Amino acid sequence: MLSLPRKDLYLNGCYTKANSYKTLYSPHTGEPIGEIAMATKEDIKRAISYAVQAKDTMANLPAYRRGEILQKVSYLLAERKEEAAKIISLEAAKPITAARSEIARTIETYQFAADEARRLRGETIPMDASAMGGNRVAYTLRKPVGIVGAITPFNFPFNLVAHKLGPAFAAGNPVILKPSSQTPLSAFFIADLFREAGLPSGGLQIVTGPGSVVGDEMVLDPRVKVITFTGSPEVGKQIRNKAGLKRVILELGSNSGLYIDEGVELGPILKRTVTGAFSFMGQVCISLQRIYVHRSLYHDFLKEFVKETQTLTIGDPLDEKTEITSLISHKDVERIGAWIQEAIDAGARVLTGGIEGNIVEPTVIVDAPPKVKVCCQETFAPVVVIAPVDSFAEAMEAINDSNYGLQAGIYTNNMEHAFLAAEKLDVGGVMINDFPTFRVDQMPYGGVKDSGMGREGIQYATEEMTELKLVCFNRNS
Ligand code: NAP
């Protein structure tokens, strides 16, 4: 019998044995795929100590060298992209074509981080704009903030890790990474690439184990200066409450909405909206969950949307044709099953869908009251709710009627509606004539309300991982 790959803790540039290991299972087949180290509180303390030791070395790396390391990782990942995509498919059950897209984005994300390392800069301050500031020269510097604690979710195990490591290293900080317990293999893979690219020992530690143990210890230790967290609002709130004065960046969930305005041609947007709702089975933070359609288009849109949904191919994540496969866990299948039932009990109708084992078929729901969970909470499953509206104003109100505010979208031919939507939608990003699921990795990205605080997108996250320092020369003395 073949032995499972065993992944130790990654500390100070070396793999280090742990006291215990836990078996990692494929979400699709249920077969074991690895043995993963379980860090203890002492291991986390040790990881933080190594990061403390590496702090000056990281801070003293010149910009060209930080850029070189990040660029090399981008090149190395490009060379091994198929291997990396297969890891995502294996541990996250992401359809292989979607996994390849994630790797293509990750290659770009590290490239953007390399660029940012080279151009990170302060500015000169016009001191003589104040009557008391004459004959002074002042400028700002961006200094690395110190040790960064990064906690990441399962759904984009390469690219969301890159959104932590890229900016942290661009700014010259050491990182302690706690990846999702379901997707640690991607994290170890990238650690190997950073080692090969010449990242100093102690620049990166990977500690695996339950979030409640590993995450807590990182959040509570005063030596960690920033916690950058991507995950669910529930965990994000716990972290915020425990972090005290520590800087915290929270990238949380959403139930993103889209409005299709009167007069929009449906043909060109159908495939796009179906993709927005069901790509990676809706397990995307900006997945399209609520579609509001002008009543004049509602019935046509519904008919065509359901037809298009039913063409999606269900299968094994490693099969080239697969678009829909198992959800991340059986617990999530049960949760979403109960939420759909709650909607049906409240009068909603399911136009297409069904559950088979760990696979939730793409599900389209209509007539759902706004207060049922499939509308007002984050489904994080292939479930979309469609409703008619009578006006632009009603659509804006419906989209904003949410505890979340990550991104929203509008398809319209009406310029005034486009400008008003940009103004009125209470979200971090408004997509005009696109779905809310659109993201490229250099743009500022993050939410309002329960969707979080702080912004990612390499330039913005890099700034969040620096301290702004003022230097002022007095030429009067
Ligand atoms: P999750 O359950 O919140 O887990 C995220 C990470 O937090 C995991 O590494 C988890 O570790 C860790 N964690 C769990 N409990 C913790 C605690 N008490 N203290 C510190 N860390 C803890 O989220 P998920 O299910 O992996 O991901 C789905 C969520 O992420 C969705 O809500 C989605 O919208 C959100 N998301 C947001 C963005 C964005 O950019 N806004 C992007 C992607 C995903 P374990 O794995 O060990 O539990």
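This report covers the overall build, the domains and the surface of a predicted model.

## Overall build

The protein has 477 residues, and 55% of them count as buried. Its secondary structure comprises 15 helices and 23 strands. The radius of gyration is 23 Å, close to the 23 Å that the globule rule gives for 477 residues, so the protein is as compact as a globular protein of that length.

The C-alpha trace has its own extents. Along the principal axes, it spans about 75 × 75 × 40 Å.

## Contacts along the chain

Consider contacts between residues at least 6 apart in sequence. Of these, 74% join residues at least 24 apart.

## Two domains

The protein is divided into two parts: domain 1 and domain 2. Domain 1 is made of two stretches, 6-252 and 451-470. Domain 2 covers 256-440.

How far apart do the C-alpha centres of the domains lie? The distance between them is 31 Å. The domains also touch. On the domain 1 side, 25 residues are in contact with domain 2. On the domain 2 side, 26 residues take part.

## Surface and charge

The protein exposes about 19,900 Å². Carbon and sulfur atoms supply 53% of that area.

What charges does the protein carry? There are 51 positive and 56 negative charges. The mean position of the positive charges and that of the negative charges are 8 Å apart.

Methods
Residues numbered from 1 in each chain as written. Predicted model: local features only at pLDDT ≥ 70, side-chain atom pairs only at ≥ 80, totals over all residues. Heavy atoms only, no water. Helix = DSSP H or I, 4+ residues; strand = E, 2+ residues; numbered from the N terminus. Rg over C-alpha atoms; globule rule 2.2 N^0.38 Å. Buried < 20%, exposed > 50% of the residue type's maximum accessible area, 1.4 Å probe, protein only. Contact = heavy atoms within 4.5 Å. Areas by Shrake-Rupley, 256 points an atom, 1.4 Å probe, with all protein chains shown as cover. Lys, Arg positive; Asp, Glu negative; His and termini not counted. Charge placed at Lys NZ, Arg CZ, Asp CG, Glu CD. Domains from an automatic or database assignment.
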